[in-house]
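Let's work through a few geometry exercises together, each followed by a solution in steps. Have your viewer open and try each task before reading on.

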Number of protein chains: 2
Amino acid sequence: MSVTYPQGFRAAGMAVGLKSTGKPDLALVVNDGPHPASAAVFTSNRAQANPILWSRKVMLQGTARGIVLNSGGANYFTGDFGYETTRLTAEAVAKEITANSDEILVCSTGLIGTGDQVFRDKIVNNIGELVSQLGPDSSAAASAILTTDSVTKTADYTSEAGWRIGAMAKGAGMLAPGLATMLVVITTDAQIDDATADRALRAATAVSFDRLDSDGCMSTNDQVTLLASGATEVAVDESEFVTALTEVCDSLAQQLQADAEGASHDIDIEVRGAASAADAIEVGRSVARNNLFKAAIFGNDPNWGRVLAAIGTTTADFDPYQVDVSFNGVRLCHAGAPDRAVDECDLTPRKTHVLIDLRSGQSTATIRTNDLTHDYVHENSAYSS
Amino acid sequence: MSVTYPQGFRAAGMAVGLKSTGKPDLALVVNDGPHPASAAVFTSNRAQANPILWSRKVMLQGTARGIVLNSGGANYFTGDFGYETTRLTAEAVAKEITANSDEILVCSTGLIGTGDQVFRDKIVNNIGELVSQLGPDSSAAASAILTTDSVTKTADYTSEAGWRIGAMAKGAGMLAPGLATMLVVITTDAQIDDATADRALRAATAVSFDRLDSDGCMSTNDQVTLLASGATEVAVDESEFVTALTEVCDSLAQQLQADAEGASHDIDIEVRGAASAADAIEVGRSVARNNLFKAAIFGNDPNWGRVLAAIGTTTADFDPYQVDVSFNGVRLCHAGAPDRAVDECDLTPRKTHVLIDLRSGQSTATIRTNDLTHDYVHENSAYSS
């Protein structure tokens with residue numbers, strides 16, 4: 001169960017031929033209310049695909065009633081024709097479910113530059129059939145948004161008060177914050193308004209998806225959407241809702257990390273003792289993006305020198321001769337000098353924990369990343385995506 | 001011929017056992033004047049190794065008379081003991097060549113954390129023998145500074161006025177600006193003063209080594225040093241000297257790029273039409289550091305969408321719908337839409353040219369980088385460095 005786990009939602013997914021594999025590639029989630037609310041956050045890449053431009057407009061104008069998503073083509077750098085495709089897609093959905101087109105969000109993912117007449121026809125001409133398949137089973141929808149993902153990603157949450165959260169996500173590479181290359185749809189049957197939904201979504205993504213940095217590359221098509229139906233008619237405590245939403249987002253972020261293209265290690269870089277949260281994030285991210293560090297982890301080499309070299313490229317408050325670095329619980333560098341022997345450290349498990357103590361303050365942050373492997377190079381060199 | 005090509009210099013190189021291979025690992029270049037001048041630029045990494053701390057002090061205090069360089073150990077994160085090793089090395093050289101220790105620059109390269117008593121003894125106890133080998137042949141010195149390099153890197157220049165420039169460099173990975181992971185020694189027999197040498201070296205490195213960004217990783221031990229002997233007693237025209245020095249530095253930068261660890265393509269990313277030089281550099285660097293782009297080039301895939309996604313992460317002035325992108329002379333994206341077919345583009349040659357026209361102004365810059373390959377991952381995962 002994912003997006004239809006809360007009451008008030010229907011979902012559908014089908015194959016319309018956008019993917020050469022014939023797998024599902026078009027998904028729809030409809031919010032049946034009775035008290036609809038919505039929020040969305042978008043890629044911070046300044047190059048933003050047609051569906052992002054469209055969805056931003058929808059969110060500015062009011063509350064979204066549904067979201068249609070395709071894989072098999074990003075519909076970006078496809079000219080005015082591509083934007084028109086997005087608009088026609090929203091209109092087709094709106095007509096079938098009796099809504100306005102400016103209440104329909106659109107997401108696309110796949111190869112940039114894909115979005116011709118054939119692409120348009122496959123989507124727009126199949127919306128009627130897609131709507132006819134709307135129902136309580138969300139598994140086809142969760143499959144239809146995948147690209148190079150090896151598994152579907154879903155999460156759910158049940159509150160004591162009776163409201164629920166459900167979610168589906170796609171993402172397996174080009175994962176860098178603001179956001180990662182991901183499409184996420186989160187639903188809830190709690191009763192909240194648009195403004196609360198927006199605050200809650202921003203708070204939850206800031207400490208989950210925005211701290212996932214698989215390969216430092218930022219996509220043009222990312223969107224995380226929250227749809228609330230209000231079907232339980234239970235008003236939420238905002239703080240409790242943020243906690244629940246964060247739990248769901250963090251679960252999805254870990255699933256994205258675990259399915260990152262070609263990765264053999266999931267690396268959590270925990271920074272402690274930072275002078276500020278911004279410093280902790282900057283340090284964690286600089287290590288997460290250091291190819292030499294990432295290649296060393298692939299080779300099960302706890303190369304703490306590469307960690308320190310990466311920290312040195314930041315503007316964070318630190319003294320190189322105060323820093324401690326531990327790998328999987330073994331402190332290899334203490335106060336800027338070698339500590340325990342590197343062969344005491346076992347990096348063979350997939351889950352890897354790097355702890356950096358800057359000894360400059362009290363702030364902390366964890367950045368999730370992956371190692372740099374032969375398979376990463378293979379997947380991103382042998383196939384266009 | 002490299003550092004002894006100009007008059008007034010002697011060099012030596014020998015194996016003292018720092019490298020497990022038994023290859024040369026200790027080098028010395030001495031400036032015999034009669035009008036010595038010097039300048040140096042250092043890594044902008046905030047984590048700076050002991051020899052960098054020492055050499056910075058030397059440059060602040062006056063003119064360098066000699067430079068001693070070792071491979072086989074970075075002498076960083078080695079505590080106060082490591083700094084003392086650097087000082088003792090300079091003192092040993094100074095005593096043998098009748099100079100002051102604060103006239104002797106020290107450079108080290110190799111694994112961070114290496115710099116124990118054995119390391120110290122191998123260097124300090126062999127300085128007498130090294131000095132006894134000083135002479136006009138600089139080939140052993142050029143070999144002794146190499147780490148994972150497959151070839152020595154040298155360059156020279158002869159002016160019409162009779163003065164010369166000679167140079168040797170090492171660097172084959174962890175190449176990012178400010179500086180790349182490199183040690184460079186440049187000599188000249190032109191007669192210039194310290195201030196002119198400093199201005200000229202900064203001008204030349206800013207448009208050569210600082211625009212080399214092989215893998216986005218910045219080292220803790222980089223240093224580029226210019227030593228002038230004044231042996232020709234020919235005063236230089238500063239602008240002519242900068243041009244010559246830039247030519248030498250750019251030749252070395254291209255040699256470093258061509259020898260980058262595991263690379264199969266040398267990629268020159270030329271940015272045109274930028275609103276400022278800073279914008280051009282930021283855009284070029286963002287593409288140069290994009291792993292998805294780099295992996296695509298390895299796969300001979302002219303993935304222009306990844307170029308645009310990388311540009312979108314910058315703060316540069318641009319409109320996604322105005323940008324042109326060409327690979328090896330074939331314009332694949334025009335004004336933000338697909339142009340010529342990607343199969344018209346041949347990426348099989350090692351030399352790769354990516355041209356980005358931002359259409360936002362008149363500024364230009366070229367960033368040199370490499371592709372992301374299986375061999376890069378292998379070399380940086382299988383061996384500690």
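Axes here are lines fitted to C-alpha atoms, for helices over the stretch in contact, and angles run from 0 to 180 degrees between N-to-C directions. Helices (H or I, at least four residues) and strands (E, at least two) are DSSP runs, numbered from the N terminus. This is a predicted model, in which local features need pLDDT of at least 70, side-chain atom pairs count only at pLDDT 80 or more, and totals for chains, interfaces and linings use all residues. Residues are numbered from 1 along each chain as its sequence is written, while chains are lettered from A and ligands numbered from 1 in the order in which they are written.

**Exercise 1. A helix pair in chain B**

Task: Find at what angle helix α9 and helix α10 of chain B pack, and name the residues that make the contact.

Solution: 
- Step 1. Locate α9 at residues 291-298 and α10 at residues 304-311 of chain B; the angle is about 160° and the axes are 9 Å apart.
- Step 2. Classify the angle: under 35 degrees counts as roughly parallel, over 145 as roughly antiparallel, 65 to 115 as roughly perpendicular and the rest as oblique. α9(B) and α10(B) are therefore roughly antiparallel to each other.
- Step 3. Assign the hand. A crossing is left-handed if the near helix is turned anticlockwise from the far one by less than a right angle, and right-handed if clockwise; α9(B) and α10(B) cross in the left-handed sense.
- Step 4. List the contact, which needs C-beta atoms, placed from the backbone, within 7 Å. α9(B) contributes L292(B), F293(B) and A296(B), and α10(B) contributes R306(B), V307(B) and A310(B).
- Step 5. Sort by class: Ala, Val, Leu, Ile, Met, Phe, Trp, Tyr, Cys and Pro count as nonpolar, Asp, Glu, Lys and Arg as charged, and the others, Gly among them, as polar. This contact of α9(B) with α10(B) has five nonpolar, no polar and one charged residue.

**Exercise 2. Another helix pair in chain B**

Task: Decide whether the crossing of α1(B) and α2(B) is left-handed or right-handed, and list the residues that meet.

Solution: 
- Step 1. Helix α1 covers residues 50-61 and helix α2 residues 79-97 of chain B; their axes come within 8 Å and cross at roughly 50°.
- Step 2. That angle makes α1(B) oblique to α2(B).
- Step 3. The crossing of α1(B) past α2(B) is right-handed.
- Step 4. From α1(B), N50(B), P51(B), L53(B) and W54(B) meet G82(B), Y83(B), T86(B), R87(B) and A90(B) of α2(B).
- Step 5. By class, the contact of α1(B) with α2(B) holds five nonpolar, three polar and one charged residue.

**Exercise 3. Relating the two chains**

Solution: 

**Exercise 4. Domains of chain A**

Task: Find what distance separates the centres of domain 1 and domain 2 of chain A.

Solution: 
- Step 1. Take the bounds, which come from an automatic or database domain assignment: domain 1 is 9-258 and domain 2 is 266-382 of chain A.
- Step 2. Over C-alpha atoms, the centres of these domains of chain A are 33 Å apart.
- Step 3. In the contact, 10 residues of domain 1 of chain A touch 12 residues of domain 2 of chain A. The domain 1 side has three nonpolar, five polar and two charged residues.

**Exercise 5. Backbone checks**

Task: Locate the loops that hold P34(A) and R359(A).

Solution: 
- Step 1. Recall that most residues other than glycine have a negative phi, and most peptide bonds are trans.
- Step 2. G33(A) and P34(A) are joined by a cis peptide bond, with omega about 25°. P34(A) sits in the loop between β2 (26-31) and β3 (37-42) of chain A.
- Step 3. R359(A) is not a glycine, yet its phi is positive, about 55°. R359(A) is found in the loop between β14 (351-357) and β15 (363-370) of chain A.

Terms used:
Contact = placed C-beta atoms within 7 Å.
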